[in-house]
Each structure stands twice: as C-alpha cells, then as structure tokens.
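Work through the exercises below with the model open. Try each task before reading its solution.

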Amino acid sequence: AMTRRISLGQIAGWLSPSDRWAMAGVGGAVAGLDAMGQGLARSLLLGLGAALCLAIALIDLRHRKIPDLLNLALGLIGLADAALAGAVAARGITMLGVFVATEALRWAFRRLKGREGMGGGDIKLIAAAAAWLPWTALPGWLLAATLSGLAHALSTRARAIPFGAHLAPWLILALLLVA
C-alpha cells in the first residue's frame with residue numbers, strides 16, 4: 001500500500017523550537033569535534049549529518065515514521081562527504097547493495113511471517129548510512145543499533161520499536177569515530 005508522502009512543512013511542524021536548538025547544538029558539537037581533523041567542508045557536512053540524525057531519531061520516536069526527505073538529505077550529504085574522501089563510487093555502490101539486501105530481508109520476513117519486520121524508512125536510513133561509513137564499519141554500527149533496540153524492546157516489553165530512534169544516534173557516534 002502506498003503511504004502519503006511527508007512534506008517538509010509537516011517535518012518542520014514535528015520539530016519544536018527546542019528540537020531545532022538541539023539539532024543545532026549536536027550538529028555544531030560534531031562539526032567542532034571534527035574541525036581539527038579533516039577540514040572545514042568535511043566538518044560542516046558531518047555537523048549537518050548529525051543534525052539530520054537527531055531529527056530522524058526524534059521524529060521516529062514520536063511519530064514512528066522516518067520521512068523520505070530526511071533520509072534522502074542524509075544520503076546526499078553523505079555522498080558529498082564521500083566525494084571529499086574520494087570514495088563516492090564505492091559508497092554509492094555500497095548504498096545500493098545495502099538497500100537491495102535489506103529490502104530482500106524485509107520481503108523474506110514478510111513472506112515467512114505474514115507481517116512487517118522493519119519499515120521502509122528504516123531500510124532507507126540504513127542505506128543512507130552506507131553513504132557515510134566504509135562498508136567494513138556498517139556491521140558494527142548496525143549491531144550497536146540492534147542491541148540498543150533490543151534493550152529498548154525488552155525494557156518496555158514492546159513488540160515493535162522505532163528502530164530509526166536507535167539507528168540514527170549510533171550513526172552520530174559512528175560519524176565521529178569512523179567516518
């Protein structure tokens with residue numbers, strides 16, 4: 001079933017002024033922590049990526065949705081970062097491979113269990129993360145987010161959790177440590 005696209009206005013409405021300040025703070029902190037590392041352009045891209053990750057986490061936590069516009073922006077900014085590192089082709093191919101593989105797992109789960117196991121926004125977020133991280137870092141990042149999500153599910157006894165609310169914060173950490 002086709003779902004209604006989430007507009008930029010709707011995304012803006014879901015983020016309060018304090019959310020926007022938090023996004024600016026996280027983005028600025030990440031950019032500042034990287035500023036001594038790899039140049040101003042890269043630091044700014046990392047800061048933007050971190051701010052988008054926070055927006056994704058907050059929206060998924062509150063509304064159980066990850067807007068395609070935010071995933072697209074995260075992926076495109078990640079590819080811009082990859083271009084600075086001379087890795088745009090490798091990361092682009094990884095993004096495609098990760099998307100196809102996770103979508104295949106989603107399809108197989110739905111066929112076997114007769115219900116969804118992961119939302120499309122989560123899959124697109126995982127693919128967007130592949131623009132930022134070397135393929136060798138993806139399993140560790142995904143494992144950390146999965147364990148965090150599992151702890152959330154066990155502690156709340158929830159049958160379903162907003163997985164993007166775990167993927168996105170771990171991506172912020174990965175941006176600082178690996179990217």
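**Exercise 1.** Find which residues D81 is in contact with, leaving aside its neighbours within four places in sequence.

*Solution.* Start with the cut-off: contact means heavy atoms within 4.5 Å. Leaving aside neighbours within four places in sequence, D81 is in contact with R42, L45, R91 and W132. Helices are DSSP runs of H or I with at least four residues, strands are runs of E with at least two, and both are numbered from the N terminus. Finally, check burial. D81 has a relative accessible area of 1%, so D81 is buried (buried is under 20%, exposed over 50%, partly exposed in between, with a 1.4 Å probe and protein chains only).

A note on the model: it is predicted, so local features need pLDDT of at least 70 and side-chain atom pairs count only at pLDDT 80 or more, while totals for chains, interfaces and linings use all residues. Residues are numbered from 1 along each chain as its sequence is written, and side-chain values use heavy atoms, with hydrogens and water left out.

**Exercise 2.** Describe how α3 and α4 cross, and which residues make the contact.

*Solution.* Take the axes first. Those of α3 (residues 40–63) and α4 (residues 68–84) come within 10 Å and cross at roughly 160°. That angle makes α3 roughly antiparallel to α4. Axes are lines fitted to C-alpha atoms, for helices over the stretch in contact, and angles run from 0 to 180 degrees between N-to-C directions. Under 35 degrees counts as roughly parallel, over 145 as roughly antiparallel, 65 to 115 as roughly perpendicular, and the rest as oblique.

Now the hand: the crossing of α3 and α4 is left-handed. Left-handed means that the near helix is turned anticlockwise from the far one by less than a right angle; clockwise gives right-handed.

Then list the residues. α3 contributes A41, R42, L45, L48, G49, L52, C53, A55, I56 and I59. α4 contributes L70, N71, A73, L74, I77, A80, D81 and L84. By class, this contact has 14 nonpolar, 2 polar and 2 charged residues. Ala, Val, Leu, Ile, Met, Phe, Trp, Tyr, Cys and Pro count as nonpolar, Asp, Glu, Lys and Arg as charged, and the others, Gly among them, as polar.

**Exercise 3.** Is A127 buried or exposed, and which residues does A127 touch?

*Solution.* A127 lies in α6 (residues 120–132). Its relative accessible area is 7%, so A127 is buried. Beyond four places in sequence, A127 touches M95, V98 and F99. A127 and G92 are 35 residues apart in sequence and 9.4 Å apart in space, C-alpha to C-alpha.

**Exercise 4.** What does the side chain of D19 reach?

*Solution.* D19 is in α2 (residues 17–38). Its side chain reaches the backbone nitrogen of S16 at 2.9 Å. D19 is buried, at 5% relative accessible area. Not counting residues up to four places away in sequence, D19 touches W14, L58 and R62.

Technical notes: Polar contact = N/O pair within 3.5 Å; in protein donor to acceptor, adjacent residues only side chain to side chain.
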